[in-house]
Amino acid sequence: MQKVAKSTKAARGTVACDNTTMHLLKANDFVAETIRKRMAKKDILLINITSSAGSGKTTLLQETAKRIGDKVKMKVLVGDLETERDANRLKEAGIDALQIVTGGICHLEAQMVWQAMEELDLEGVELLIIENVGNLVCPASFDLGEDYRVTLMATTEGDDKPKKYPRMFLTSELMLVSKSDLLPYLPFSTEAVVADARDINPDIGVIQISSISGEGMEEWCNWLLEKVKEKQTSKLQAAST
Ligand SMILES: Nc1nc2c(ncn2[C@@H]2O[C@H](COP(=O)(O)OP(=O)(O)OP(=O)(O)O)[C@@H](O)[C@H]2O)c(=O)[nH]1
Ligand SMILES: [Mg+2]
């Protein structure tokens, strides 16, 4: 993932405070790199799914498991401030899921993911998905060692969000415009949201999806399967050179 220059100041007003978050992020990035190496060794594709609260992450994963659960061995780590509800929903959908309860922290950190991985049996796993805590701000700054960051942008959120929360869209490889079944009822322009997201990040991929109508699900599932395959073949190619 392309690194973004971080501000050295915590505030932009008249009082310039040193940004201690910088040091925290350095420690985070160190662990994230260790996760990346571990996942490369094990041939596991790691996806970090982010969005505002309630944009449809867990529902999407439930639907994804229904469609490709028999084609790829996948597991999920899911972060929330409180409750194990999302992990329980995923388990009911037949996914081996583990909840990370952050106890008030608004994002997952690489150290949390590393520790949770210790509890997961990763033998034979090909795809590990992290469902991050729902918000477009803090999770944007924390690299979790993922191969790809995928951000859901729900039609119910309003189409002005990419420009207001640019870092999340800048650091994502794919934007899923979710809840597309509601488009007929909402003042939301997919064209405008895609234009704004691409203004921030010209390379961002886009798929319009609905977990209710099924729109875009095949394209999303194929994207995932293709990335799993790419990860596995890149290892084989590296070994043969
Ligand atoms: N109309 C519509 N509703 C959806 C869709 N996907 C999810 N929902 C609904 O949106 C609400 C939130 O969905 P979740 O899957 O829990 O969202 P989430 O992003 O996991 O939420 P947090 O983990 O709390 O951030 C639920 O009531 C879902 O039924 C969709 O494609 N269309
Ligand atoms: Mg959820």
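**Ground rules.** I number residues from 1 along each chain as its sequence is written, and chains are lettered from A and ligands numbered from 1 in the order in which they are written. Since the model is predicted, local features need pLDDT of at least 70 and side-chain atom pairs count only at pLDDT 80 or more, while totals for chains, interfaces and linings use all residues.

**Entry 1, the sheet.** I started with the strands, which, like the helices, are DSSP runs numbered from the N terminus (helices are H or I with at least four residues, strands are E with at least two). How many strands form the open sheet, and in what order? I found seven, in the order E3-E2-E4-E1-E5-E6-E7, with parallel pairing. Strand E3 (96-101) and strand E7 (205-208) are the edges, each pairing on one side only. Neighbouring strands are turned by 20 degrees against each other on average, direction ignored. For pairing, I need DSSP to find at least two bridges between two strands.

**Entry 2, strand E1.** Next I looked up E1 (45-50). Is E1 mostly buried or exposed? Six of its six residues are buried, and buried here means that 20 or more other C-beta atoms lie within 10 Å of a residue's own (12 or fewer is exposed, in between is partly exposed, and C-beta atoms are placed from the backbone). In a regular strand the side chains alternate between the two faces of the sheet. I checked both faces of E1: Leu-45, Ile-47 and Ile-49 are buried on one side, and Leu-46, Asn-48 and Thr-50 on the other. E1 pairs with E4 over five bridges, in the parallel sense, and Ile-49 stands opposite Glu-131 in E4. Four bridges join E1 to E5, also running parallel, with Thr-50 opposite Thr-151 in E5.

I followed Thr-151 across to E6, where its bridge partner is Met-175. Five bridges join E5 (residues 148-154) to E6 (residues 174-178), and these strands run parallel. Ala-154 stands opposite Ser-178 in E6. E6 is mostly covered, with four of its five residues buried. Four bridges then link E6 to E7, again parallel, and there Leu-176 has Ile-207 as its bridge partner.

Why does Ile-207 count as partly exposed? Because it has 19 C-beta neighbours inside 10 Å. Not counting residues up to four places away in sequence, Ile-207 touches Leu-174, Leu-176, Gly-216, Glu-219, Trp-220 and Trp-223; a contact needs C-beta atoms, placed from the backbone, within 7 Å. I also looked up Thr-14, which is 193 residues from Ile-207 along the chain, and the C-alpha atoms of the two are separated by 42 Å.

Helix H2 lies across E1, E2 (74-80), E4 (127-131), E5 and E6, running at about 160 degrees to E4. Helix H4 (residues 110-119) touches E2, E3 and E4, and its direction makes about 140 degrees with that of E3. For these angles, axes are lines fitted to C-alpha atoms, for helices over the stretch in contact, and the values run from 0 to 180 degrees between N-to-C directions.

I picked Leu-108 and, leaving aside neighbours within four places in sequence, found contacts including Gly-79, Ile-100, Val-113, Ile-130, Phe-142 and Leu-144.

Which residues come nearest to ligand 1? Of the 17 around it, they are Gly-56, Lys-57, Thr-58, Thr-59 and Gly-134, where being near takes a C-beta atom, placed from the backbone, within 6 Å. Helix H2 (residues 57-68) gives the largest share of this shell, three residues.

Most residues other than glycine have a negative phi, and most peptide bonds are trans. Asp-43, in the loop between helix H1 (21-42) and E1, has a positive phi near 60 degrees. Thr-83, in the loop between E2 and helix H3 (85-92), has one of about 75 degrees. Thr-83 is exposed, because 10 other C-beta atoms lie within 10 Å.
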